[in-house]
Amino acid sequence: MTRIAKTPEPPYYAVIFTSLRTVGDNGYGLMAERMAELAAQQPGFLGLESAREELGVTISYWESLEAIQQWKQNVEHREAQRLGRNDWYAAFQVRIAKVERDYAFGNRNDSEG
C-alpha cells in the first residue's frame, strides 16, 4: 500500500498486524495481494495500510468487531493464516483497537480506502 487509508469519522476499529518474516517469498507476495483484494470485498471493511521492511505492519480498518470476526473466519483468510504460521512468519502479533479520534494533515480526499 502506498497511500493512507481514507476512513470515516470515528468510532471504528483497527486490526494491527505486526510481523517478522521468514527467509524467502514462498508465495507470500501473491497471497498478501489476494488478502488485500479479498478484505476490500468484506462487509464492514474501511481501508488498509501496510509497510514492510525488517518489521512488517499492516493495519486494516473495520466498522465493527463483528466485521472483524467475519473476516477472521473467511475461508481463504483462514488458509493464509495457516500458511503464515507454518511458512511465512517467524513471529507475529495481532492487536485490535477502537479508534475514538483521528486527525490528518493534507487532503483526506486524495487517499484511497
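Trainee: Which element gives the largest share of the lining of the largest pocket?

Mentor: A pocket is an open set of 1 Å grid points where a 1.4 Å probe fits, with protein on both sides within 12 Å along at least five of seven lines; lining residues have an atom within 4 Å of a point. Here α1 contributes seven residues, the largest share. Helices (H or I, at least four residues) and strands (E, at least two) are DSSP runs numbered from the N terminus. The model is predicted: local features need pLDDT of at least 70 and side-chain atom pairs 80 or more, while totals for chains, interfaces and linings use all residues. Residues are numbered from 1 along each chain, and side-chain values use heavy atoms, without hydrogens or water.

Trainee: How many aromatic pairs does the whole structure hold?

Mentor: Phe, Tyr and Trp (six-membered) rings pair with centres within 6.5 Å; planes under 30 degrees apart are stacked, over 60 edge-to-face, the rest tilted. The search finds eight. Phe45 and Trp62 are edge-to-face, because their centres lie 5.3 Å apart and their planes meet at 75°. Phe45 belongs to β2 and Trp62 to β3, so this pair ties together parts 17 residues apart in sequence.

Trainee: Are Phe45 and Trp62 buried or exposed?

Mentor: Buried means under 20% relative accessible area, exposed over 50%, partly exposed in between (1.4 Å probe, protein chains only). Phe45 is buried at 15%, and Trp62 is buried at 0%. Tyr89 and Phe92 are also an edge-to-face pair, with 5.9 Å between centres and 65° between planes. Tyr89 is buried at 16%, whereas Phe92 is partly exposed at 39%. Ring pairs join Tyr89 and Phe92 with Phe17, Tyr28 and Trp88 in a cluster.
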